[in-house]
Amino acid sequence: MDMQSKREREKETVSLMISIYCRKKHGGRTLCPDCAALDAYARLRSDKCPFMETKTFCSNCRVHCYKPDMRRKIREVMRFSGPRMIFYHPVMAVRHVIASRKEKKRLEENP
């Protein structure tokens with residue numbers, strides 16, 4: 001898998017999670033200003049990530065390059081949206097779980 005597709009997949013997943021969160025928590029059809037800012041920030045961080053070649057998703061990264069306030073927000077989004085992903089995009093949700101487990105196993109075998 002090339003690096004560009006990994007970046008795009010990461011951004012697509014995070015954007016969907018932010019969208020689910022915003023729709024359910026803030027009630028709009030489009031992203032509210034706070035969620036739009038978080039989405040733009042997450043996309044920027046993904047574009048600038050020097051570790052994209054060696055990780056599956058930001059949630060598995062050991063570096064965590066988000067500013068503390070944005071990190072808190074993205075964690076809240078992921079905790080809320082992660083379980084709901086299966087209802088909105090089942091293929092993406094299953095792909096994310098499989099990739100995350102493979103990455104976790106790889107990290108356990110090669111710390």
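**Figure 1. Overview of the predicted model.** Buried residues account for 38% of the 111 residues in the protein. The coordinates shown here and in the views below come from a predicted model. The protein contains four helices and zero strands, and along the sequence its elements follow the pattern α-α-α-α. Of the contacts between residues at least 6 apart in sequence, 73% join residues at least 24 apart.

Figure 2. Helix 1 spans residues 3-26 and includes S15. S15 has a relative accessible area of 13%; because this is under the 20% cut-off, S15 is classed as buried. With neighbours within four places in sequence left aside, the residues in contact with S15 are D39 and R43.

Figure 3. R7 is placed in helix 1. Its relative accessibility is 10%, so R7 counts as buried. R7 and D47 are separated by 40 residues in sequence, while their C-alpha atoms are 6.7 Å apart in space.

**Figure 4. Packing of helix 2 against helix 3.** Two packed helices are described by the angle between their axes and the distance between the axes. Helix 2 (residues 33-48) and helix 3 (residues 68-88) pack at an angle of about 105°, and their axes are 11 Å apart. Helix 2 is therefore roughly perpendicular to helix 3, as angles of 65 to 115 degrees are given that description. Helix 2 contributes A37, L38 and Y41 to the contact, and helix 3 contributes M70, K73, I74 and V77. By class, the contact of helix 2 with helix 3 comprises six nonpolar, no polar and one charged residues.

**Figure 5. Helix 3, its span and its kink.** Helix 3 is made of 21 residues. From its first C-alpha to its last, helix 3 reaches 28 Å, close to the 30 Å expected at 1.5 Å a residue. A kink of about 45° is located at G82, shortly before the proline P83. The buried residues of helix 3 are M70, I74, V77, F80, S81 and M85. An α-helix has 3.6 residues a turn, so residues three or four places apart point the same way.

Figure 6. R79 is found in helix 3. R79 counts as exposed because its relative accessibility is 60%, and the cut-off for exposed residues is over 50%. Y21 and R79 lie 58 residues apart in sequence, with a C-alpha to C-alpha distance of 9.5 Å.

**Figure 7. Packing of helix 3 against helix 4.** Helix 4 covers residues 90-109, and its axis comes within 6 Å of the axis of helix 3. The two axes cross at roughly 135°, and helix 3 and helix 4 are therefore oblique to each other. On helix 3 the contact is made by M85, I86 and Y88, and on helix 4 by P90, M92, A93 and V94. The residues of this contact divide into seven nonpolar, no polar and no charged. M85, one of the contact residues of helix 3, is also among the buried residues of that helix.

Note on methods. Residues are numbered from 1 along each chain as its sequence is written. This is a predicted model: local features need pLDDT of at least 70, side-chain atom pairs count only at pLDDT 80 or more; totals for chains, interfaces and linings use all residues. Side-chain values use heavy atoms; hydrogens and water are left out. Axes are lines fitted to C-alpha atoms, for helices over the stretch in contact, and angles run from 0 to 180 degrees between N-to-C directions. Helices (H or I, at least four residues) and strands (E, at least two) are DSSP runs, numbered from the N terminus. Angles under 35 degrees count as roughly parallel, over 145 as roughly antiparallel, 65 to 115 as roughly perpendicular and the rest as oblique. Contact means heavy atoms within 4.5 Å. Ala, Val, Leu, Ile, Met, Phe, Trp, Tyr, Cys and Pro count as nonpolar, Asp, Glu, Lys and Arg as charged, and the others, Gly among them, as polar. The expected span of a helix is 1.5 Å times one less than its number of residues. The bend at a residue is the angle between axes fitted to the seven residues ending there and the seven starting there. Buried means under 20% relative accessible area, exposed over 50%, partly exposed in between (1.4 Å probe, protein chains only).
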